[in-house]
Amino acid sequence: MTLLSRSATSAILLRRQQWWGHRFASAWTPLATAFNAPPGRRINFTRDDVGLFGMRELRSCEGFYLMRDNVETRTQELILEATSEQRSRKMVDIFDELSDSLCKVADLAEFVRIAHPQGKYSQAAEQACISICGVVESLNTHRSLYQALNHVVKHGDKMPSSEVDRHVASLFLFDFEQCGIHLPEKERLRVVRLNDYILQLGQKFMNGAAQPSVLPRTQVPDAIRNYFPTSGDNVIITGLCTNAENEQMREAAYRLYLQPSASQEELLRDLLLCRHELARSCGFETYAHRALNGSTMETPEVVRKFIDELSEKLRSRAQADFAIMTEMKRREIGQGSALAEIWDTPYFTTQLRRQSLEEQANEFLPYFSLGGCMEGLDNLLNTLYGVRLVNTEMEPGESWHSDIYKLSVVHESEGLLGYIYCDFFERAGKPNQDCHFTIQGGKRLPDGSYQLPIVVVMLGLTQPRWSGPTLLSPARVDNLFHEIGHAMHSMLARTEHQHVTGTRCSTDFAEVPSVLMEYFAGDPRVLRTFARHFQTHEPISEDMLKRLCASKHLFAASETQLQVFYSALDQEYHGAAAQQGVSTTDTLRSVQSQYYGLPYVENTAWQLRFSHLVGYGAKYYAYLVSKTIASWIWQTYFESNPFNRQSGEKYRAEILAHGGAVPSRKLVANFLQREMTPSVLADSLINEIDTDESKIKELMVSRI
């Protein structure tokens, strides 16, 4: 076999790119062209591998062991510095370096563990994760280190400290005390055991929540048995058939998939009780009080007021949505007494899009090529912040797969802000989720320079083909903007400490920048700047644009009411009721009757598949609050002009730049010049719902 020379190979690659550019990309920017073309395998003849993410230790998987050893050594050095009488640095700076050293290995290893296609890398990364966990557990029992930090937080540092320094130091102390280090030894050991048991219970509950329902054929009526796959004498129900056209099938799937499970009920009750006991041991009234400490909403009482205010304002609006669904159902099945049920809502939302807005399957796809969307993001970010996304060639060995893109985020006057690695395409073994990973957090270094943030944005898109680029549905466009919102939170932050940079803020604030980006993705003025047919470059029509934007807000009141119900249920489970031993289904029935417009379905236990109770225990409300704050920011600063540079600069300077270095409640109140009360928050979201509803009605009337 004859090997091609480097020049010959380069010529072939160049001709391929020129052919693609001639066929599809004549009017695209270089950034759009790069993301619209099939990613090419990089062929290296002469340059040495630089290692994953440019880290020379990771030129081979054995580098994880070197990184682990180095961080363990540095940890001991920092412990000695923090506990020394001759300490010459601020305590918060020592702790932040300790956190930075550990996170650089732990965050990197966690990403590589789940994303790297080579088993030897993922295994080495997993071992590194385990080792770092051991280091952290050791730190959590180091009383001298805790006492040194506690003294500084309680009495002040001997070094001059800012308000931000004191706030970050208090965050470190709170994290320290979550493992009970401040408690007598017997109580501390009890907290450790509770944390371990809670972790095990959560893993078992998550696993059970994802299992299909397996029922003997004899227990499934003949009329619906054929709707579902079978295995031997069993019928298998793998999920809710929310968009099935057959009403019986939707109902059957709901009733059978959500049947009560004694084992799941026991796991959930034990989980809630252990969390309650953990909170009480650490000095909190309930687990919800522990989880909300330092959050935007601050206490469960404030969350409850917000939920109640919003629930009351939504009630009549959601009922109007359900009345429309009921009428649609009666027309469809020909029964005048039929009512919309809880299993019907996703189906009739889709039907309304098709019937009233004449939405056709996949009609929007050709107008949203991946490259076109990236071009739109680049133009938007440049308009708002003076930032460009620059497609950057990677060095050999820098990426974990051949289809990764690297973006340099460059400011017009500040220069390079950081790097975003785009792992956008599906592949075997890759997690099927859209998410954002921090590989390295930004922070001010001792020499005055800035440690640049490095993040990965992961999506599950189909690979582009020679017949055309990857095309995105409107929902995928929203997801792309959402995840880039997280990434830009990291890029645009300029914090002194990495512990609070970018998305490292309270859970109920971390989603605000990403949800705000969805508002831009749903604005016709923004979409006009990049929604073009991938072949003809014809812009999307005004009619399609109006229908697309309207379709995102159908039945918004009832959908928001559902989120209010979920949030209220989560708060109830993690409140005082946790210690009363009440059936979680009884609690569900009671909360649903109070907060949701459709009734509980007897002999179902939806909560036993509510896996968010594990990862977002007492914090499920966070998305609702983040959306409300994002809505408030949008209405105040961007709704009148989504390209307003002055608003963009103000938003960066007063919100994004701070990460979690300033309490989020204070950030929001200062930025919006108004106290963030439950009533104000609820009114903001209701105003958005009413405005969108009015636009939808106008559009529907115009189409009659």
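Strands β5 (residues 405-411) and β6 (residues 415-425) run antiparallel and are joined by seven bridges. Within this pair, Val409 stands opposite Gly418 in β6. Helices (H or I, at least four residues) and strands (E, at least two) are DSSP runs, numbered from the N terminus, and two strands count as paired if DSSP finds at least two bridges between them. As background, strands of a sheet pair through backbone hydrogen bonds, either parallel or antiparallel.

The structure is a predicted model, in which local features need pLDDT of at least 70 and side-chain atom pairs count only at pLDDT 80 or more, while totals for chains, interfaces and linings use all residues. Residues are numbered from 1 along each chain as its sequence is written, and side-chain values use heavy atoms, with hydrogens and water left out. The mean pLDDT (the predictor's confidence in each residue, from 0 to 100) is 92 for the protein, and 94% of its residues reach 70 or more. Over residues 1-25, however, the pLDDT is below 50, and this stretch has 30 contacts in the model beyond near neighbours in sequence; contact means heavy atoms within 4.5 Å. Where pLDDT is low, the predicted coordinates should not be read in detail.

The β5-β6 pair belongs to an open sheet of five strands, with the order β4-β5-β6-β10-β7 and mixed pairing. At its edges stand β4 (387-391) and β7 (435-440), each with a single partner strand, so one side of each has no neighbour in the sheet. On average, neighbouring strands here are turned by 25 degrees against each other, direction ignored. Helix α15 (residues 370-385) packs on this sheet and touches β4, β5, β6 and β10 (454-461), and its direction makes about 145 degrees with that of β4. Axes are lines fitted to C-alpha atoms, for helices over the stretch in contact, and angles run from 0 to 180 degrees between N-to-C directions.

Another open sheet has three strands in the order β1-β3-β2, with antiparallel pairing. Here β1 (213-216) and β2 (230-231) are the edge strands; each has a single partner strand, so one side of each is left without a neighbour in the sheet. Four bridges join β1 to β3 (residues 234-237); Ser213 has Ile237 as its bridge partner in β3, and Leu215 stands opposite Val235. Two bridges connect β2 with β3, where Thr230 also faces Val235. The hairpin of β2 and β3 has two residues between the strands, and Gly232 takes a positive phi near 65 degrees.

Turning to the helices, α6 (residues 143-155) and α7 (residues 163-177) pack at an angle of about 140 degrees, with their axes 10 Å apart. That makes α6 oblique to α7: angles under 35 degrees count as roughly parallel, over 145 as roughly antiparallel, 65 to 115 as roughly perpendicular and the rest as oblique. Residues in this contact include Leu149 and Val153 of α6 and Phe172 and Phe176 of α7.

In a further pair, the axes of α24 (residues 621-638) and α26 (residues 664-672) come within 11 Å and cross at roughly 20 degrees. These two helices are therefore roughly parallel to each other. Ile629, Trp632, Ile633, Thr636 and Tyr637 in α24 meet Val668, Phe671 and Leu672 in α26. By class, this contact has seven nonpolar, one polar and no charged residues, where Ala, Val, Leu, Ile, Met, Phe, Trp, Tyr, Cys and Pro count as nonpolar, Asp, Glu, Lys and Arg as charged, and the others, Gly among them, as polar.
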